[in-house]
Amino acid sequence: MGCVYSLLALGLTIIFGIADIVNFAHGEYLMIGMYTGYLVGTYLADPLIGVPCALILGGFLGFLSYVFLVRRLLRGPPIAQLFGTFGLMLFLRYGALALFGPANRALRVGILVGKHIFKAGIFIDLAKLAAAVIAVFLFALIYLFIQKTKTGTALRATADNKEAAHYMGISTDKMNALAWTIGGGTAGVAGALLSQFFYVSPVVGMVFGVITFTTVALGGFGSIPGAFIAGIIVGIIQMLAAQYTYPELKLAFIYVLYFLIVSLRPQGLLGKKVA
Amino acid sequence: MIGKIFLKLFGTMKEAVSFEDLPRSERIVFSLFVLFLVIFPWIVKSGFARAVIVQFLLYAMYGISWNFIGGYGGQVDLGGAKNVGFGAYAVALMMVWWGTPFWISVFVGIIIAVAESFVLGFPLLRLRGHYFAIGTLCVALVWQELFTFWNWTGGARGILLPIKRPPNLLYMQLDPIGYHYFILFLFLLSLFWLNWFRKSKLGYELRAIKANEDAAASLGINVLWAKVKAYCISAAVAALGGAFYAVYFLYIDPFCVMHLDLSIMIAMTAMLGGAGSIWGPIIGALILIPLDRYLGASLGGKGVLGVDFLIYASIIMLVAAYQPKGVWGIVETLRKRKRKGLYVARS
């Protein structure tokens, strides 16, 4: 669970760090990814095949949102960006409602769905294990891409200083589009992975969207290692809280944790100090 | 001494109801609008239209509450619903437990909301930008989860308020026309409060903070204290709206008075109309609420789920993309253009 949160937070933090915008619709990309996983798993093949499909679809969706909406929003004040992406969120959510109806759905078939291994007293859900492995793998891949390749360096330069990057001949517009594509793609994958052990419904994005926000802010906006660590922490806290206190309140613990941490460290765990 | 306090109070009230500094056209439109609202229940008999107007006024009030901290202060508060919830729950619970009249419980609700905002305001308002927005979101969500979880608040089932017959003023259970005038009164009260705030020292301090927090601090403004004060005023107005919600609908649950969607709706109302202007929240609510209700009523019943929200979302996106300052921004741009035209003509 924590690894999936990390992956989600990664997408959002890339979008935030590079395009400098808070994306309310991030949870809805996840929801679309979950529907992709669900539909592929139910009607076509195994849900695992849904993962690359969701990557492509999510990436495409992120790209479209950037080209048609976000590029315009970036010219306006931050407040307009907030409610522009909020409109996008509503649009995607109710679009899914109109297409798929309000029912909660869950996957029943698939190689890994509902399979467990029981070893040395530890009970492991294979679908969750696979999700964690794929999430960590993708995370590492994107981290390497950003750190090692030329395009990655250009991305980081854009995140550091937009104007300077622009003068160096980097097309910041293309970099923003790339960031949105990666963000949408990773959220799509996270969704496809989640669909193997979590119910799918049009409003599921809301729950995860808020958790993702908290995770990103907890790790520090724009910090990739921060997103990873915060994702793991959030996953663990949620499981522990559900185990040892009231399961209904498990999300409240995450919010309280965020509140406590930013009270002490206003820039998040690994965020850069804001001047 | 008492005379002095009285004079000062009188001066404040005079400031609050005076719109002298605004252009005459705005004052005329506003007067006509209020006149329309006053005679509305006598010319329109449709129960649905009356209900829509009451909700419009309620949301305009929420938007006004957001404008104190979000519009003028530039602090994007995404947790407005918690204050609405405190107001509504105080009225509902005290009536169910002890039969407390509305006029006492509404003040209890406001005091609780203000106290909570005061205590949590200090750590929250130290945060900047997105960290603050998400902090308020988290605080409101914790309350939402707690009020859903606790048994004494009715949990997810909510609370039904006992119905008093005949309608009476003690519990503010009125007939539709009575509700209309009651919410109109509360709406004007909060609008006057915002009008006073706009011209007060605190209002100017907050605008300075919005423009540049560090510069404001270097000018000797106690930034944190000013923000906390505005945050508390915002909480009081929202709690007042919540109290009305409880006596109007006579049923509350965490989904309608504490929910994240409400928090965002509150911010949306003010931002769509134009954050940081006195008419912004009213325009925002005037667009959003009738649109939402009429679209919901005309399309929602035909088995086409979600289409009303698709239209609604498209409008929000269009405004955000083409006029980021909200609808009021359009009016201001037009006015500037006109002025420029005059200037050119003269020279």
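Modeller: Helix 8 of chain A is mostly covered, with 20 of its 23 residues buried. Buried here means 20 or more other C-beta atoms within 10 Å of a residue's own, exposed means 12 or fewer, and partly exposed lies in between, with C-beta atoms placed from the backbone. This is a predicted model, in which local features need pLDDT of at least 70, side-chain atom pairs count only at pLDDT 80 or more, and totals for chains, interfaces and linings use all residues. Residues are numbered from 1 along each chain as its sequence is written, while chains are lettered from A and ligands numbered from 1 in the order in which they are written.

Helix 8 of chain A takes in residues 172–194 and reaches 33 Å from its first C-alpha to its last, close to the 33 Å expected at 1.5 Å a residue; the expected span is 1.5 Å times one less than the number of residues. Chain A as a whole has eleven helices and two strands, which are DSSP runs numbered from the N terminus (H or I, at least four residues, for helices; E, at least two, for strands). Along the sequence the pattern is α-α-α-α-β-β-α-α-α-α-α-α-α. Of the 275 residues of chain A, 53% count as buried.

Elsewhere in chain A, helix 9 and helix 11 pack at about 25° with their axes 10 Å apart. Axes are lines fitted to C-alpha atoms, for helices over the stretch in contact, and angles run from 0 to 180 degrees between N-to-C directions. Helix 9 of chain A and helix 11 of chain A are therefore roughly parallel (under 35 degrees; over 145 is roughly antiparallel, 65 to 115 roughly perpendicular and the rest oblique). Their contact involves Ile211(A), Thr214(A), Ala217(A) and Leu218(A) of helix 9 of chain A and Ile254(A), Tyr255(A), Tyr258(A) and Ile261(A) of helix 11 of chain A. Two residues are in contact if their C-beta atoms, placed from the backbone, lie within 7 Å. By class, the residues of this contact are seven nonpolar, one polar and no charged; Ala, Val, Leu, Ile, Met, Phe, Trp, Tyr, Cys and Pro count as nonpolar, Asp, Glu, Lys and Arg as charged, and the others, Gly among them, as polar.

Between the chains, 40 residues of chain A are in contact with 37 residues of chain B. Helix 3 (47–73), helix 4 (78–100), helix 9 (204–219) and helix 11 (250–264) of chain A each give two or more residues to the side that touches chain B. Helix 4 of chain A gives the most, with 14 residues. The residues on this side of chain A divide into 31 nonpolar, seven polar and two charged.

From chain B, Ala313(B), found in helix 14 (residues 307–322), touches Gly87(A), Leu90(A), Phe91(A) and Tyr94(A), residues up to four places away in sequence not being counted. Ala313(B) is buried, with 21 other C-beta atoms within 10 Å.

Within chain B, helix 10 (residues 223–249) and helix 7 (residues 176–199) have axes that come within 11 Å and cross at roughly 175°, so helix 7 of chain B and helix 10 of chain B are roughly antiparallel. Their contact has ten nonpolar, one polar and no charged residues. Helix 3 (residues 47–71) of chain B also packs with helix 10 of chain B, at about 165° and with axes 7 Å apart, which makes the two roughly antiparallel. By class, the contact of helix 3 of chain B with helix 10 of chain B has 16 nonpolar, three polar and no charged residues.
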